[in-house]
Every structure is written in C-alpha cells, then in structure tokens.
Amino acid sequence: MRVLTSIQSRVTSLVLVFGLTLLVINTIRNDSWLRERQWKRFIDAAEGEGTMLAGMMQHYIRNDLARAAELQMSYASTADDLRYGIVLDHDDRIVQATRLDWVGLSLPSSPPADERTQINQVRQSMNSMVQRRDRDLAVVAMFPFFTRFESVSRGVVVLSYDLSQALERARLDALHESASQACVMIALCLLLWLVLDEAVTQRVRSIVTYAKRVAAGRSREREVVARDDLDLIANEFGRTVDELRAVEGRLLEAAERERRRIGADLHDDVCQRLVAAQLKSGVLASVLQGEQHARASLAGSVSEEVAGSVRLVRSVARGLAPML
C-alpha cells in the first residue's frame with residue numbers, strides 16, 4: 001500500500017492515465033479519419049470507374065461490340081468491394097452486368113429495382129450521380145450515356161460498392177495502431193517508474209535514514225553530496241539540528257550556572273543569617289532561663305525553629321550546588 005501512495009506511483013499513474021486518455025481520443029479521431037478516407041477513396045474510385053465505363057459502353061453498344069463490352073464489364077467486376085455493376089439500355093433492360101444471370105432482365109424484375117427512381121432522374125438530367133449511403137454502408141454511382149446516335153436513346157451505368165469490409169478493416173487498423181501506441185506508452189511509463197525510483201525514491205529513503213540518524217543524536221560524519229535540491233534539504237536539516245543542539249547546550253549551561261548561583265547564595269548568605277539568628281535566639285533563651293523568665297521557653301522554641309530552617313536551607317543549597 002505504501003508503494004501505491006508514493007510520489008513515484010502517483011506520478012507514473014498520472015502520466016499513464018493522461019497518456020491513455022490521449023490515446024483513446026486519438027483512436028477515435030484516427031478511426032473517424034480512416035473511415036472518411038475510405039469513403040473518399042470509394043467515391044473517387046466510383047467516379048473514375050463509372051465515367052470510364054460509361055464512355056466505353058457508349059462506344060461498344062453503338063458499334064454492336066457485345067464481346068468487347070462483356071470483356072470490359074468483366075474487368076470492372078474485379079474492383080475491390082464492388083457489390084454489383086449493371087449497364088441499362090434506353091428500354092431499362094440490362095445488357096451487361098457483373099453477374100451473368102442478370103443479363104437480359106428488365107430493371108423492374110432485377111435486384112437493383114430499388115434504384116429505378118434515381119436511374120430515371122440521371123437519365124432525364126444526363127448528369128452523373130454518386131451517392132454516399134451511410135445507413136447501408138454503400139456508394140452508388142450512376143453515369144448516363146447515349147446508346148444510339150439519337151439523343152432520346154439513353155442508357156445508364158450503375159455501380160454499387162459495399163464499404164462494410166473496408167470500414168471494418170479501417171477500424172481494425174486504427175485499433176492495431178492504438179494497441180502499438182499503448183504498448184509504447186506502457187513501456188515509457190515503466191521506464192519513468194525506474195527513473196523515479198533511482199532519482200527520487202531511493203534517494204529520499206537514504207535522506208530519511210540520514211535525518212533519523214541526525215535526529216537520534218548521532219554526529220554527522222559527513223554531509224550529503226549536494227547534487228540537487230533533495231541533498232540541499234538534507235544538509236540544511238542536519239545543520240539546523242546541530243544549531244538547535246548548540247542552543248540547547250548553551251541553555252543548559254546557563255541554567256546550571258543559575259542553579260549553582262542560587263545554591264551558593266542560599267549557603268553563603270541565607271544560611272549564615274539563619275545561623276546568626278539561631279545563635280542569638282539561643283543566647284536569648286539562656287539569659288531568660290537564667291533569670292527564670294516566663295518567656296524563656298518561647299525563646300528556646302524560636303531557637304529550635306531557626307535551627308530547623310538552617311538545616312532545610314542547607315539541604316536545598318546542597319541539592320542546587322552539590323559541591324557546596
């Protein structure tokens with residue numbers, strides 16, 4: 001648990017989380033970019049192939065070159081992810097197709113019958129049309145041409161591309177690239193962990209050991225070599241502890257001197273005064289007793305009390321200044 005809460009772990013974890021977050025964002029953007037590139041590639045391919053195929057079919061059909069048209073259609077069928085391709089004459093009859101079983105069928109009875117509305121629009125306007133259908137993951141291209149020399153004889157080349165596999169490949173490419181980047185990120189975080197362990201964690205532990213040795217009262221054999229701020233902190237800590245100990249020693253010495261001074265004053269001054277008072281009270285008690293005075297006993301009591309005070313003060317003075 002201590003390892004998980006160390007600076008080493010926190011820094012490495014933050015870098016890893018930040019890197020993985022950026023990696024996820026980059027994966028999403030990369031996937032979107034690859035998908036858009038696939039869409040553009042298929043749209044460009046459909047425009048180029050459809051324009052070329054419409055021109056070729058116009059020439060072949062006008063000149064009754066059925067074998068050449070069939071050969072050209074077979075070449076077109078080799079295009080990547082082409083779902084189907086058909087060539088319609090002016091009567092909506094399929095004259096060429098990537099599937100031979102469609103040849104000769106009328107458009108309403110063929111599978112591409114759903115495109116009839118768009119085909120009629122292209123035939124009427126004589127403008128090519130390339131549609132991107134995100135829902136079906138398909139690109140449908142339609143290119144008109146003249147089947148005869150009359151302007152009313154209009155045929156249409158229809159190409160339909162399936163992008164599902166291409167988009168799946170783009171997604172897998174993005175994931176593979178992200179996986180390689182994630183491996184690099186983890187390797188860099190591991191390297192960062194090792195660098196922090198060597199540059200920070202191990203040195204902090206040695207500095208803590210040094211601080212404990214200094215705090216325990218052991219003399220500093222030598223200062224830590226100042227390589228960076230951590231070493232400077234350790235050295236300043238050691239010097240501060242030494243200064244505090246020096247101040248503590250001076251305070252103890254001052255307190256000892258003051259204690260001895262008080263003991264000496266008690267012994268040399270107060271005790272002498274009390275002894276003098278004891279002697280005087282004793283003399284007074286002897287005189288009063290010789291005269292058989294009624295207060296002679298009181299004077300004796302005072303002498304005894306003063307004697308007790310002398311003993312007490314001497315004991316205190318001896319405790320404060322044993323040398324006395």
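Is the crossing of α1 and α2 left-handed or right-handed? In this predicted model, the crossing of α1 and α2 is left-handed, a crossing being called left-handed if the near helix is turned anticlockwise from the far one by less than a right angle, and right-handed if clockwise. Residues are numbered from 1 along each chain as its sequence is written, and side-chain values use heavy atoms, with hydrogens and water left out. Because the model is predicted, local features need pLDDT of at least 70 and side-chain atom pairs count only at pLDDT 80 or more, while totals for chains, interfaces and linings use all residues.

Helix α1 spans residues 7–62 and helix α2 spans residues 66–76, and the two pack at an angle of about 170 degrees with their axes 9 Å apart; axes are lines fitted to C-alpha atoms, for helices over the stretch in contact, and angles run from 0 to 180 degrees between N-to-C directions. This angle makes α1 roughly antiparallel to α2, given that angles under 35 degrees count as roughly parallel, over 145 as roughly antiparallel, 65 to 115 as roughly perpendicular and the rest as oblique. Helices (H or I, at least four residues) and strands (E, at least two) are DSSP runs, numbered from the N terminus.

On the α1 side, E49, M52, L53, M56, M57 and Y60 meet A68, A69, Q72, M73 and A76 of α2, where contact means heavy atoms within 4.5 Å. By class, this contact of α1 with α2 has 9 nonpolar, 1 polar and 1 charged residues, with Ala, Val, Leu, Ile, Met, Phe, Trp, Tyr, Cys and Pro counted as nonpolar, Asp, Glu, Lys and Arg as charged, and the others, Gly among them, as polar. Q72, which lies in helix α2, is in contact with M52, L53, M56, M57 and Y60 when its neighbours within four places in sequence are left aside. Q72 counts as buried at 11% relative accessibility (buried means under 20% relative accessible area, exposed over 50%, partly exposed in between, with a 1.4 Å probe and protein chains only).

The structure holds 2 aromatic pairs, for which rings of Phe, Tyr and Trp (its six-membered ring) must have centres within 6.5 Å, planes under 30 degrees apart counting as stacked, over 60 as edge-to-face and the rest as tilted. F42 and Y161 form an edge-to-face pair, 6.0 Å centre to centre and with 70 degrees between the planes. This pair links distant parts of the chain, F42 being in helix α1 and Y161 in strand β5 (residues 154–162), 119 residues apart, and both F42 and Y161 are buried. The ring centres of Y84 and W102 are 5.6 Å apart and their planes stand at 65 degrees, so this pair is edge-to-face. Y84 belongs to strand β1 (residues 82–88) and W102 to the loop between β2 (94–97) and α3 (116–125), 18 residues apart; Y84 and W102 are both buried.

Most residues other than glycine have a negative phi. D64, in the loop between α1 and α2, has a positive phi near 55 degrees and is exposed, with a relative accessible area of 68%. For M126, in the loop between α3 and β3 (129–133), phi is likewise positive and near 55 degrees, but M126 is partly exposed, at a relative accessible area of 24%. A182, in helix α4 (residues 164–215), is buried with a relative accessible area of 17%, and its C-alpha atom is separated by 68 Å from that of A254, 72 residues apart along the chain.
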